[in-house]
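Reader: Could you show me how to read a sheet and a helix pair in a model like this?

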Amino acid sequence: MGVWHLTAVELEALKLSLWVSAWAVAVSLPAGVLTAWVLARGRFAGKHFLDGLVHLPLVLPPVVIGYLLLVLMGRNGVIGALLYEYLGIVVAFNWKGAALAAAVMAFPLMVRAVRLALESVDQGLEAAARTLGAGPWRVFFTITLPLIVPGIITGAILAFARSLGEFGATITFVSNIAGQTQTLPLALYTLTQVPDGEAAALRLCVLSVLIAMAALIFSEQVSRRFTRRLRGEQ
Amino acid sequence: MAFMKRIRHLWVLVLLFSFGPNLGTCVAASAVNDLVVFAAASTTNALGEIGTLYEARGMGHVTFSFASSSTLAKQIESGAPADVFLSADVPWMTYLEDKKKVAPENRQELLGNRIVLVVPADSPVKAVEIEPGFSLSNVLGKEGRLSMGDPEHVPAGKYGRKALEQMGVWDQVKDRLAPMKDVRAALVMVERGEAPLGLVYATDAAISQKVRVVGIFPSDSHSPIVYPVAAVSGGKMEAAKPFLTFLKGSEARAIFLKYGFDVR
Amino acid sequence: MISVQVEKNQSGFMIQAEFQAPAKGVTALFGPSGAGKTSIINMVAGLLRPDSGHIQVNGRCLFDSRQGIDLPPERRGVGYVFQDGRLFPHLSVKSNLTYGMRGTPKEQRYVTFDQVVDLLGIGHLLDRRPARLSGGEKQRVAIGRALLANPSLLLMDEPLASLDGPRKAEVLPFIGRLAEAFAVPILYVSHAREEIESLAGTVLNVAAGGIVAADSGVAARSGPRAPVDAALPKAY
């Protein structure tokens, strides 16, 4: 039983992972829904370009994304420098940067799930709501949004699971600082680089798998519950 | 029907283009003198040049994999197909020797190095006096972090930690590190100005225009930096021998010296 | 009085319709499938934009291409009962019914919630979800929902088409009662003669994107515009 006990370092990594992933999802949710909306309903030049941009984190090596984040959001980065100068916000070398890296990597998964849900919403319902006097915003919040909640939940949980496993972009962008950026995957990585760290690495491995499975099962349940409620079968 | 023929032609073309250029090297790669060398990240530039020379002399094609010695050692332990291992420190070589993954009879000490403090080229810091108890945190400022290889496993990080401990300043900075996965990544952080201070090898500082050395750690502040090299057991040990000899030869030495290494 | 004159090229299918309908009673748009009836009322509702023309309801201009007026659907005061009902599946029947009631201050209401529920006989369904309603019940709720939004014009697009015989017979009288009880004009689209005959005071025949063959005094034309006479109620 002793071998399954988490050390202080591992516990810290676990807590940090959950914190970072939760923030990553929270931040990417509104942006994800908005982007999904634009891609699902928008009709404008450059839509395919936006679609490609959104999917970049899925097809580029995570280290490349990490490097791009460094160039853009580092203390001397194009945007990071402005953030620091005008708002005093720093994302380099702390959990916020880790959350940002995770959010970027998980973003395409969230957008895909929400977009799928949006495309299956009967736009006739939205038209009906308009004829009943609801403007586009009211239609979105009272009709569209409730109907895509299962898709949003799926997207959020997928994003959460992806964030939990984020490694390449994180270690490249914010390095491996215990307590700040050393999430579960980074802790696992460190353990594999240290002589005789295998037992601990395996422990963390099992832990990661358990959390991911729990998240996926949970999302299935919630999503199914919501869909049944929507269809009025409850 | 003509359409199908055209598709087939297209596929042949695609295959040719993907493999054609490699056909030459394909033949060469299976040549008995070709080697796979796993080497410490800090030797990237020097060894790259040496490898090109080795091939130009017709002695065989060398493929390199550069990373932190810790990563490479772990890979070799798991059976990675390396023929030669050049480590940035002795412990990792000994680690592999204990696991019977390198042949002790071919092992030799090859290079030495120094560790230095670097700052971004445009930093206002001019020089840092490295003496016992020197105020490192002052140089870092309020929020800066010291970029270095991960002291848990990267050789440059381990030497760095020992040196900082020797100087009595490790406690000042141990919570203000940016541990990177190899020394080159640590260098990049300083080059980009993301970290105001970095701890890297003198050789790394030398190749970068974007950083400046502000202090050199005395060689007795850490255990001697020794780069051992050895042939990997189960690899092409016969083909490795001439390469190991070449590394000790005058041409290779000149290249190493050019890049700032100590040659033993 | 409803005054409509619209033109639209829908990927090659030309719609050119011009007609007037009285401010009371049921006016039918009658014709075969594909004639363009639904497109015409979609334009009146603001769900489809005409290439040119004008639409006026009771003196209020909803669309005028020359003056650049194009009110969005939510500001037209035009109710719509769809062929497929389109009840909101995530809301109860009661919430569906009250959805459109928000924009109308009490004094301007010409119909109350209780009146509509009574008229359509849906009081016992209020707490149900649309998924648990029969076809006939769904359409009755749809009608009630559109009514409760206090429209100055009610559009109905083949509301009985998806119902079988008995359900049709169940809902049809409600529509008739509607027209009698409340002062709202109804534009009723259908290709079923029997429905038209039992409901409509005025019939407009639609074919190939235009209004053709005046029926009992209704003047309507496709092609070059001609002044339109007020429609006379059909004598029954």
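Reader: What is the strand order of the open sheet in chain B?

Author: Strands here are DSSP runs (E, at least two residues; helices are H or I, at least four), numbered from the N terminus, and two strands pair if DSSP finds at least two bridges between them. In chain B, five strands form an open sheet in the order S7-S6-S8-S5-S9, with mixed pairing. S7 (177–180) and S9 (211–216) of chain B have a single partner strand each, so one side of each lacks a neighbour in the sheet. By the way, this is a predicted model: local features need pLDDT of at least 70, side-chain atom pairs count only at pLDDT 80 or more, and totals for chains, interfaces and linings use all residues. Residues are numbered from 1 along each chain as its sequence is written, while chains are lettered from A and ligands numbered from 1 in the order in which they are written.

Reader: In which sense do S5 and S9 of chain B pair?

Author: Antiparallel, over five bridges. B:Val119 has B:Arg212 of S9(B) as its bridge partner.

Reader: And how do I describe two packed helices?

Author: Use the angle between their axes and the distance between the axes. Axes are lines fitted to C-alpha atoms, for helices over the stretch in contact, and angles run from 0 to 180 degrees between N-to-C directions. In chain A, H1 (residues 8–41) and H7 (residues 136–164) pack at about 140°, axes 9 Å apart. That makes H1(A) oblique to H7(A) (under 35 degrees is roughly parallel, over 145 roughly antiparallel, 65 to 115 roughly perpendicular, the rest oblique).
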